[in-house]
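This report describes a protein model, element by element. Please keep the sequence and the structure in view while reading.

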Amino acid sequence: MTGTGGGRPSIYPTLLYADAKAAIKQLTEAFGFTELSVYEGEDGSVTHAELVQGNGAVMLGSKGRGGVFDTLMRDAGPAGVYIVVDDVDGHHQRAVDHGAEILVPPTDQEYGSRDYTARDTEGNIWSFGTYAPEIGI
């Protein structure tokens with residue numbers, strides 16, 4: 001299987017936003033992602049962006065730019081993404097401080113995780129928690 005080593009994630013959730021710049025702002029400021037790269041078209045739309053969190057990443061761009069992926073995603077609904085963080089309460093407070101809509105406050109789960117859930121500016125659901133399954137491949 002490819003993509004299991006070398007310091008690169010092998011799975012990248014990919015989302016399109018009507019206002020990708022606002023999404024990047026929220027994801028970096030409220031949810032603590034770091035911009036790895038942001039490419040803009042001549043019209044100011046985000047043609048491609050990569051944001052990192054821990055050892056994972058998400059790719060995103062602007063809706064309505066045309067192309068195969070944009071066409072395929074046209075009728076897609078909101079997505080849900082889970083991100084592992086060390087300090088759930090601190091992460092949650094950062095999100096609250098930046099006005100994120102919190103759906104479920106930090107909660108201890110019966111399987112040992114502590115997590116919370118928020119909604120981004122366009123309805124995608126982001127869960128942040130301590131549960132990190134071992135992938136024994």
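## Model and confidence

This is a predicted model, in which local features need pLDDT of at least 70 and side-chain atom pairs count only at pLDDT 80 or more, while totals for chains, interfaces and linings use all residues. Residues are numbered from 1 along each chain as its sequence is written, and side-chain values use heavy atoms, with hydrogens and water left out.

The protein chain has an average pLDDT (the predictor's confidence in each residue, from 0 to 100) of 90, and 93% of the residues score at least 70. Residues 1-5 stay under 50, and the model has four contacts (heavy atoms within 4.5 Å) for them beyond four places in sequence. Where pLDDT is low, the predicted coordinates should not be read in detail.

## Nonpolar core

A nonpolar core is a set of buried Ala, Val, Leu, Ile, Met, Phe, Trp, Tyr and Cys residues joined through side-chain atoms within 4.5 Å. Buried means under 20% relative accessible area, exposed over 50%, and partly exposed in between, with a 1.4 Å probe and protein chains only. The largest such core has 24 residues, of which Tyr17, Leu27, Phe31, Phe33, Leu60, Trp126 and Phe128 touch the most other members. Elements giving two or more residues to this core include strand S1 (14-17), strand S4 (56-62) and strand S5 (80-84). Helix H1 gives the most, with four residues.

Helices (H or I, at least four residues) and strands (E, at least two) are DSSP runs, numbered from the N terminus. Apart from residues up to four places away in sequence, Phe31 touches Gln26, Gln53, His91, Ala95, Ala100, Tyr116, Ala118, Trp126 and Phe128.

## Helix H3

Helix H3 spans residues 88-97, and Val88, His91, His92 and Ala95 are buried in it. Seen down the axis of H3, these buried residues fall within an arc of 100°, so they line one face of the helix; the arc is that of the directions from the helix axis to the C-beta atoms. The buried residues of H3 pack against S3, S6, S7 and strand S8 (125-129). Just after H3, Gly99 has a positive phi of about 80°.

Two strands pair if DSSP finds at least two bridges between them. S6 and S7 run antiparallel and are joined by five bridges, with Val104 opposite Thr117 in S7. Their hairpin has five residues between the strands, and Gly112 there takes a positive phi near 100°.

S7 also pairs with S8 in the antiparallel sense, over five bridges. Arg119 stands opposite Ile125 in S8. In the hairpin of S7 and S8, with five residues between the strands, Gly123 takes a positive phi near 95°.

## Two buried residues

Ser113 lies in the loop between strand S6 (101-108) and strand S7 (114-119). Ser113 is buried, at a relative accessible area of 2%. Its side chain makes a polar contact of 3.5 Å with that of Thr130. A polar contact is a pair of N or O atoms within 3.5 Å; within protein, one must be able to donate a hydrogen and the other to accept it, and residues adjacent in sequence count only if both atoms are side-chain atoms. Beyond four places in sequence, Ser113 is in contact with Tyr82, Thr107, Asp108, Gly129, Thr130 and Tyr131.

Ala49 belongs to strand S3 (residues 46-53) and is buried at 0% relative accessibility. Ala49 and Ile24 are 25 residues apart in sequence, and their C-alpha atoms are 8.4 Å apart in space. With neighbours within four places in sequence left aside, Ala49 is in contact with Ile24, Ser37, Val38, Val58, Met59 and Leu60.
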